[in-house]
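User: Hi! Could you walk me through this structure in plain words?
Analyst: Happy to, just ask away.

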Amino acid sequence: MSSYEALAARYDALTADVDHRRWADYIEKQFQKCPIPIHTVLDLACGTGEMTCLLAERGYEMIGVDQSQDMLAVAAEKGRQVRGEAPIFLQQSMQELDLYGTIDACICCLDSVNYVTRPADLRRAFDRVHLFLMPGGLFLFDVNTPYKHQKILAGQTFDIEAEDADCHWSNRYDEAAQRVDITIDIDYHETGEHFREQFSEYSYALDTVTALLEKYGFAVAKMADGESFGPVRADSPRWIFTAVKQYTQEVQ
């Protein structure tokens, strides 16, 4: 088992505090306000497919995309248990997104945008989403805020106990690089195996994200706090953006 395979197997336990159904309810409310009917939905950076499968069971035609083969293996197993039309899963990075046709909406949840640590790659990802999204379609995503990275996560450690393993999560904020470096150590009880996975989250400023959306032909329809789904605050740990693809675009 690779370290990332070990992380994929434990990912749902690490995110057990996330209320996926509450998130799905919020997403559907935004779908209902969209200028066009929403049927085909892309879950970008879908991870283990929890949201992909939840929305599939609510009647949407789902496509899940992730660059991790190990995450997608977990997602595919979940997909086989979906009541109704099973999702399609594709192994791709955000910036190399390549679909077979258009989509009505794209969602990208749980700070996946922050994992794109090069701004040039995020620009490419937004451009690819715009390419496949129908005019009037919706792009909904969330971002961990610089406030969260600097004031909440920096220097913090978390211990998560699962049935078969213990997980230790540590964060270090690199001010010069504008990112949080994350280390996850997983220790399995029965085998005594130890796995370590390291990755980073980039701190995107609010004006950077809104400027990118405008540049690539999106109009921000709504911004919300990622905890309450209410108005954005100065200390919001997460921003949720709901953007609509404009019918005309000029990319400079």
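User: Is Cys167 buried or exposed?
Analyst: Cys167 counts as buried, because its relative accessibility is 5%. Buried means under 20% relative accessible area, exposed over 50%, and partly exposed in between, with a 1.4 Å probe and protein chains only. Keep in mind that this is a predicted model, where local features need pLDDT of at least 70, side-chain atom pairs count only at pLDDT 80 or more, and totals for chains, interfaces and linings use all residues. Residues are numbered from 1 along each chain as its sequence is written, and side-chain values use heavy atoms, leaving out hydrogens and water.

User: And Cys108, buried or exposed?
Analyst: Cys108 counts as buried too, because its relative accessibility is 1%.

User: How many disulfides are there?
Analyst: Zero, in a search of the whole structure; a disulfide here is a pair of cysteine sulfur atoms within 2.5 Å. For Cys108, the nearest cysteine sulfur belongs to Cys106 and lies 6.4 Å away.

User: OK, helices now. Which residues of α3 are buried?
Analyst: They are Met51, Thr52, Cys53, Leu54, Leu55 and Ala56. That is six of the eight residues of α3 (residues 50-57), so this helix is largely enclosed by the rest of the structure. Helices (H or I, at least four residues) and strands (E, at least two) are DSSP runs, numbered from the N terminus.

User: What do the buried residues of α3 pack against?
Analyst: Their partners include helices α2 (20-32) and α4 (69-79), along with strand β1 (40-44). Contact means heavy atoms within 4.5 Å. After α3 comes Gly59, with a positive phi near 105°.

User: Which residues are buried in α6?
Analyst: In α6 (residues 146-153), Pro146, Lys148, His149 and Leu153 are buried. The buried residues of α6 pack against strands, among them β5 (133-144) and β11 (238-245). Just after α6, Gly155 has a positive phi of about 75°.

User: Last one: how do α5 and α7 cross?
Analyst: The axes of α5 (residues 119-132) and α7 (residues 206-215) come within 10 Å and cross at roughly 40°. Axes are lines fitted to C-alpha atoms, for helices over the stretch in contact, and angles run from 0 to 180 degrees between N-to-C directions. The two helices are therefore oblique to each other: angles under 35 degrees count as roughly parallel, over 145 as roughly antiparallel, 65 to 115 as roughly perpendicular and the rest as oblique.

User: Which residues make the contact?
Analyst: Leu122, Arg123 and Phe126 come from α5, and Val209, Leu212 and Leu213 from α7.
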